[in-house]
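Subject: Structure handover

Hello,

Please find the structure below, together with its sequence. My notes on it come after.

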Amino acid sequence: MPKMKTHRGTAKRFRVTGSGKIMRSKAYKSHILTKKSQKRKRNFRHETEIAKADQKVVARNLGRR
């Protein structure tokens with residue numbers, strides 16, 4: 001069988017940590033920022049782990065498992 005190809009769109013949006021968690025960036029941080037509080041905008045900078053329901057599909061698209 002040929003090698004599995006990584007889904008490039010997925011690879012640009014997620015990263016895998018050393019322990020195997022799949023991380024994503026937060027939404028709502030790109031525009032209409034004037035009405036959002038400084039604290040809220042600051043919290044958009046942090047990454048968060050993806051939902052349990054999405055882990056299987058994203059991992060497969062990244063060529064894992």
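The notes start with the whole chain and then go through the sheet, the core, the salt bridge and the loop.

Please keep in mind that this is a predicted model. Every value below was computed from it.

Overall shape

The protein chain has three helices and three strands. In sequence order they follow the pattern α-β-β-α-β-α. The radius of gyration is 15 Å, well over the 11 Å that the globule rule gives for 65 residues, so the chain is more spread out than a compact globule. Along the principal axes, the C-alpha atoms fill a box of roughly 55 × 20 × 20 Å.

Buried residues account for 15% of the 65 residues. The accessible surface of the chain is about 5,800 Å², and carbon and sulfur atoms contribute 51% of that. Taking the contacts between residues at least 6 apart in sequence, 55% of them join residues at least 24 apart.

The sheet

The three strands make an open sheet in the order β1-β2-β3, with antiparallel pairing. The edges are β1, residues 14-16, and β3, residues 48-49, and each of these strands pairs on one side only. Strand β2 covers residues 22-24 and is joined to β3 by two bridges, the two strands running antiparallel. Across that pairing, Arg24 in β2 stands opposite Thr48 in β3.

The core and what packs against it

Which residues form the largest nonpolar core? There are five: Ile22, Ile50, Val58, Ala59 and Leu62. Ile22 belongs to strand β2, which spans residues 22-24.

Leaving out residues up to four places away in sequence, Leu62 touches Thr6, Thr10, Ala11, Phe14, Val16 and Ile22. Two of these partners, Phe14 and Val16, fall in strand β1, residues 14-16.

Thr10 sits in helix α1, which runs over residues 8-13. Is Thr10 buried or exposed? Its relative accessible area is 8%, so Thr10 counts as buried, the limit being under 20%. With the neighbours up to four places away again left out, Thr10 touches Val58, Asn61 and Leu62. Val58 and Leu62 are both members of the nonpolar core listed above.

Arg8 is in helix α1 as well, but Arg8 is exposed, at 53% relative accessibility. The C-alpha atom of Arg8 is 8.4 Å from that of Asn61, although 53 residues along the chain separate the two. Asn61 is also one of the residues that Thr10 touches.

The salt bridge

How many salt bridges does the model contain? The count comes to one. It is formed by the side chains of Glu47 and Arg15, at 2.8 Å from N to O. The pair links distant parts of the chain, with Glu47 in the loop between α2 and β3 and Arg15 in strand β1, 32 residues apart.

Both side chains keep some accessible surface. Glu47 is partly exposed, with a relative accessible area of 35%, and Arg15 is partly exposed too, at 43%.

The loop between β2 and α2, and helix α2

Two residues in this loop have a positive phi without being glycine. For Tyr28 the angle is about 70°, and for Ile32 the value is near 55°. Tyr28 lies in the loop between β2 and α2, and Ile32 lies in that loop too. Tyr28 is exposed, at 63% relative accessibility.

Helix α2 itself covers residues 38-43. Lys39 is found in this helix and is exposed, with a relative accessible area of 57%.

Regards

Methods:
Residues numbered from 1 in each chain as written. Predicted model: local features only at pLDDT ≥ 70, side-chain atom pairs only at ≥ 80, totals over all residues. Heavy atoms only, no water. Core = buried A, V, L, I, M, F, W, Y, C linked by side-chain atoms within 4.5 Å. Buried < 20%, exposed > 50% of the residue type's maximum accessible area, 1.4 Å probe, protein only. Contact = heavy atoms within 4.5 Å. Helix = DSSP H or I, 4+ residues; strand = E, 2+ residues; numbered from the N terminus. Rg over C-alpha atoms; globule rule 2.2 N^0.38 Å. Areas by Shrake-Rupley, 256 points an atom, 1.4 Å probe, with all protein chains shown as cover. Pairing = 2+ DSSP bridges. Salt bridge = Lys/Arg side-chain N within 4 Å of Asp/Glu carboxyl O.
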